[in-house]
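Subject: Handover of a structure

Hello,

I am passing a structure on to you, with notes on what was found in it. Please look through the structure before reading the notes.

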Amino acid sequence: MFLTVFVGITSLAFAQPYNNSWINYSQQYYKFKVAETGIYRIDSTVLVNAGIPLSTINPQNFQLFVRGVEIPIHIEGEGDGVFDGSDFIEFYGQKNDGWLDEILYGSAANHPSPHYSLYNDTISYFLTWNALTTNNRLILETDTTFSAYTPINSFFKENLDVYSSGSKITLDPYYDGKTINAGGKAVSLFGFSSTEGWFDNPYLIGGNKVKNVATGNIDLLGSNAILNAVVIGWSDYAGISNGDHHLRVNIGANVFDTIFEGHQKIDVQMSIPLTDLGAVSTSVNFASINDLGSGADKQTVAYLKLKYPHTMDWKDYQFLIGYF
Ligand SMILES: [Ca+2]
Ligand SMILES: [Ca+2]
């Protein structure tokens with residue numbers, strides 16, 4: 001699957017005064033935006049229409065930058081030093097995530113939803129060219145002697161589900177996180193607490209949320225599946241000061257159980273025997289257990305990640321098979 005790229009002529013104007021060391025001010029940069037992760041192709045028509053003087057550039061001189069670093073690209077037909085009409089640039093483009101937000105939270109450990117940007121799912125890529133022919137390129141695999149290798153039985157598949165929309169009708173999906181009491185009013189902190197961000201709809205005291213994760217084509221001879229999730233304590237019941245939330249996560253008979261106090265980010269990790277995964281999908285249950293005498297327990301899920309050994313049957317990856 002190829003995603004269409006529109007390259008726009010945009011002057012390079014940076015608001016931030018720091019971390020611009022990747023920019024060479026004697027080069028021109030063409031900016032385009034990526035909002036979806038996938039394999040992208042930019043053909044000669046797009047480049048010419050964007051105003052890039054393609055006939056004067058050796059394609060080996062092209063560089064692509066994102067997040068302040070040069071990333072590897074493939075340029076079909078660059079070997080002859082001419083960007084012909086049928087030549088093109090290909091690269092693996094990734095949408096924006098929370099990489100730049102980590103500074104706001106102070107550390108990775110305090111960052112509740114690192115796969116989701118607080119501000120924008122779109123990121124800018126910058127195409128430029130220099131005088132070098134040693135720029136960052138993908139190395140093409142040309143070995144087709146498959147018989148020389150031992151096949152593997154499976155690979156680790158990672159399902160990532162990020163919850164960010166909440167309910168826009170009855171509840172604000174953006175949660176301000178921990179508050180302090182100022183003159184009888186709950187006031188949010190100046191900085192970002194580890195319980196602030198975009199999360200799922202909360203579940204309340206005694207309630208629960210079930211998340212279903214696709215788990216087809218399990219290699220039952222592989223090692224255990226690993227669940228990682230972040231749960232946010234979204235309330236602080238004043239009547240209890242040493243544990244007003246009771247969280248229980250279960251996958252079948254596998255249980256993660258903890259009691260915690262007030263606004264906190266809880267890192268859930270569980271090792272799940274493969275026989276406890278569903279052949280099609282697996283239910284992960286997040287529950288508030290009402291046994292603490294607490295008057296309030298609001299919890300929400302930021303994200304979950306389930307990694308398990310997947311057979312080499314790639315029938316659920318049809319877009320990739322189409323590409324290869
Ligand atoms: Ca060529
Ligand atoms: Ca409390």
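The notes below go from the whole chain to its sheets, its cores and a few loop residues.

Two conventions first. Residues are numbered from 1 along each chain as its sequence is written, while chains are lettered from A and ligands numbered from 1 in the order in which they are written. This is a predicted model, in which local features need pLDDT of at least 70 and side-chain atom pairs count only at pLDDT 80 or more, whereas totals for chains, interfaces and linings use all residues.

Overall content

The protein chain has three helices and 20 strands. Of the 324 residues in the chain, 26% are buried. A residue is called buried if 20 or more other C-beta atoms, placed from the backbone, lie within 10 Å of its own, exposed if 12 or fewer do, and partly exposed in between. Among contacts with a separation of 6 or more, 75% are between residues 24 or more positions apart; a contact requires C-beta atoms, placed from the backbone, within 7 Å.

Two open sheets

Strands are said to pair if DSSP finds at least two bridges between them. One open sheet has four strands in the order 9-20-15-18, paired antiparallel. Its edge strands are strand 9 (154-162) and strand 18, each of which pairs on one side only. On average, neighbouring strands here are turned by 15° against each other, direction ignored. Such angles are taken between lines fitted to C-alpha atoms (for helices over the stretch in contact) and run from 0 to 180 degrees between N-to-C directions. Strand 9 is joined to strand 20 by nine antiparallel bridges, and N159 has L306 in strand 20 as its bridge partner.

Another open sheet of four strands has the order 2-8-4-5, again with antiparallel pairing. Strand 2 (29-34) and strand 5 (69-71) are at the edges with a single partner strand each, so one side of each has no neighbour in the sheet. Strand 4 (residues 62-66) and strand 5 run antiparallel and are joined by three bridges; V66 has V69 in strand 5 as its bridge partner.

Strand 19

Nonpolar cores

A nonpolar core is a set of buried Ala, Val, Leu, Ile, Met, Phe, Trp, Tyr and Cys residues joined through C-beta atoms within 7 Å. The largest has 28 residues, of which L227, A229, V231 and V301 touch the most other members. Strand 15, strand 16, strand 18 (265-272), strand 19 and strand 20 (299-311) each supply at least two residues of this core. Apart from it lies another core, of 17 residues, including Y40, L47, I89 and W129. Residues up to four places away in sequence aside, V231 touches L247, I266, V268, F286, Q299 and V301.

Loop residues

Most residues other than glycine have a negative phi. R67 is not a glycine, yet has a positive phi of about 55°. R67 lies in the loop between strand 4 and strand 5 and is partly exposed, with 14 C-beta neighbours inside 10 Å. N217, also not a glycine, has a positive phi of about 55°. N217 is in the loop between strand 14 and strand 15 (225-233), and its 18 other C-beta atoms within 10 Å make N217 partly exposed.

What does S294 contact beyond its neighbours within four places in sequence? S294 is in contact with I205, Y237, I240 and D244. S294 sits in the loop between strand 19 and strand 20. It is partly exposed, with 19 other C-beta atoms within 10 Å. G239 is 55 residues from S294 in sequence, and their C-alpha atoms are 7.3 Å apart in space.

Regards

Notes: Contact = placed C-beta atoms within 7 Å.
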